[in-house]
Amino acid sequence: MPVYRKATLADAENVALLHTANWQLHYNAILDDYYLEHEVLADRKKVWQTRLKDPDPNMCLILAEEATQLIGFGCLFFQNSEEYGALLDNLHVDNAYSGRGTGKALMSLLAEEVLQRAGRKDMYLWVLEDNLRAIQFYEKLQGQRREKAIEKELGSKPVDKLRYYWPDVTELIVTCKD
């Protein structure tokens, strides 16, 4: 059974490795091949080292571990958008643990953090339009599709992304604990 905890600087490497593995698996044929094969690991290591070395007080990074192995994580930024509230910046579960409720549990824990720390009840995220597995998961959790935009910062190939929104994460917590 997974154990959930807040991340520390010592977790940066493992978070980057899982983040990279998931992008290489799920974004294959979505992002450009060169980026995924040659640049994504260094990019993700830099991101997580920076974020955890001097953590933003508006960031919350929760890890899911099983027998000390990182099997998932979720990263949230509070007070990110006047219109949409907290930003769920990342949600990743190791493919070997997919379908076991880890993603739902992380969503629930992050939603509880929103209620405790954000001063409001809403949360949103961006998902790549071709990431059908993730879209199915967010729609199952009653995420509302709000808009489409172009993502230009992940490698050299622009991709379409969708905004999903939860106006009240209280409902999400109930959904995830069922």
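This is a predicted model: local features need pLDDT of at least 70, side-chain atom pairs count only at pLDDT 80 or more; totals for chains, interfaces and linings use all residues.
Residues are numbered from 1 along each chain as its sequence is written, and side-chain values use heavy atoms, without hydrogens or water. Local features need pLDDT of at least 70 and side-chain atom pairs count only at pLDDT 80 or more, while totals for chains, interfaces and linings use all residues.

**View 1. Strand β5 and its cover.** β5 spans residues 123–128; helices (H or I, at least four residues) and strands (E, at least two) are DSSP runs, numbered from the N terminus. Five of the six residues in β5 are buried, meaning under 20% relative accessible area with a 1.4 Å probe, protein chains only.

**View 2. The neighbours of β5.** Two strands pair if DSSP finds at least two bridges between them. β4 (residues 85–93) pairs with β5 in the parallel sense, over two bridges, and L87 sits opposite Y124 of β5. To get from β4 to β5, the chain passes through helix α3 (residues 102–117) in a right-handed β-α-β crossover: with the strands pointing away from the viewer, the path from the first strand over the helix to the second runs clockwise. β5 also pairs with β7 (residues 159–166), this time antiparallel and over six bridges. There, Y124 has Y165 as its bridge partner.

**View 3. The nonpolar cores.** A nonpolar core is a set of buried Ala, Val, Leu, Ile, Met, Phe, Trp, Tyr and Cys residues joined through side-chain atoms within 4.5 Å. The largest one has 30 residues, and L76, M107, M123, Y138 and W166 touch the most other members. Helix α3 gives this core its largest share, five residues. A second, separate core has 19 residues, among them V15, W48, L70 and F73.

Notes
Buried means under 20% relative accessible area, exposed over 50%, partly exposed in between (1.4 Å probe, protein chains only).
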